[in-house]
Amino acid sequence: MRHLLGIEGLRRADIEALLDRAEAHLRGGPDASHVLRGKVVANLFFEDSTRTRTSFEMAAHALGAEVLNWTMAGSSVSKGETLLDTVRNIEATGPVALVIRHRAAGAPHLVARNVGCAVINAGDGTHEHPSQGLLDAFTLRRRWGNLDGRTVVIVGDILHSRVARSNLHCLTALGAKVVLCGPPTLLPPGLESLGAEVSTRLDEVLPRADAVMCLRLQLERQGENFFPSVREFARLYGLNAARAERLKPEALVMHPGPINRGVELAPAVADGSRSVILEQVAHGVAVRRAILEEVCR
Ligand code: NCD
């Protein structure tokens, strides 16, 4: 694998190989602190990030790499420098990999066609967020052994969510059934053809869920009103304590973060015994280590 641009198109065996490698890291497997010694991994974040950027940084350090943290704020983007000029200039400083987050879908793909080093998509607009899909699948696999025959309900702003798209590809490739749930205006057409079941009724699908993944309303990507109010969304699609009571006893609750507490997820559920939200974050480091190792080989 030269780049990691998306999960779509990856084979089950490719995904499992990455997750196995992450598992080995997490179990303290063979010392990997020399793998990228003397190399530089460049983080290029054209959009804000808390978990993704810091965990790619920790993953790179664990492999012995130096990290260049470029952020759009304070850069020459404000002077009109283009995406390709920016990345070509960063590439000229010699990194072995570029980790890119950008508001435009397809930006990492464009970059990958124009640079010689490895490119990792850390989230491109509403398109894909492959490392998140992998770490979510990894978290479920660690809990369940494998995903075959499991049902994962992903609920919220499906239309604008790159996390939903990457998870749909990743979880179905690993044998799970994915139910995408949200208001009709936030469910794009054609999801069934990607292998998803689609529902607008959370209360109907919740009892079947082995895991529920709640998604934030991506208000920054919404140019118009997609539903009457945030309160209305929370009432119909928020995972509150009463809804969590109706889940299977062993069902897990997930969220990629950042959480809008009290909107898509109630604080008591986010911090409750079903929640694996901080496990997802912790696993992000091991999974990103496996990704860096794979594309920098
Ligand atoms: C998500 C993202 O940026 O796509 N967060 C993440 O990377 N963990 C989800 C979001 O912003 O809601």
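How far does a polar side-chain atom of arginine 162 lie from an oxygen atom of the ligand? The distance is 2.7 Å, and a polar side-chain atom of arginine 216 likewise lies 2.7 Å from an oxygen atom of the ligand, where a polar contact is a pair of N or O atoms within 3.5 Å. A backbone N or O atom of glycine 257 lies 2.8 Å from a nitrogen atom of the ligand. Taken alone, the ligand exposes 320 Å², of which the protein buries 93%, with accessible areas taken from the Shrake-Rupley method with a 1.4 Å probe.

This is a predicted model, in which local features need pLDDT of at least 70 and side-chain atom pairs count only at pLDDT 80 or more, while totals for chains, interfaces and linings use all residues. Residues are numbered from 1 along each chain as its sequence is written, and side-chain values use heavy atoms, with hydrogens and water left out.

The residues surrounding the ligand, each with a heavy atom within 4 Å of it, include Arg51, Thr52, Arg101, His129, Arg162, Val163 and Arg216. Helix H2 (51–62) and helix H6 (162–173) are the elements that give two or more residues to this shell, helices being DSSP runs (H or I) of at least four residues and strands (E) of at least two, numbered from the N terminus. Domain 1 (12–129 + 281–296) and domain 2 (130–278) each supply at least three residues of the shell, with bounds from an automatic or database domain assignment.

Gly257 and Pro258 also belong to the shell, and the peptide bond from glycine 257 to proline 258 is cis, with omega near -5°. Proline 258 is found in the loop between strand E9 (252–254) and helix H10 (267–270).

Methods. A polar contact is a pair of N or O atoms within 3.5 Å; within protein, one must be able to donate a hydrogen and the other to accept it, and residues adjacent in sequence count only if both atoms are side-chain atoms.
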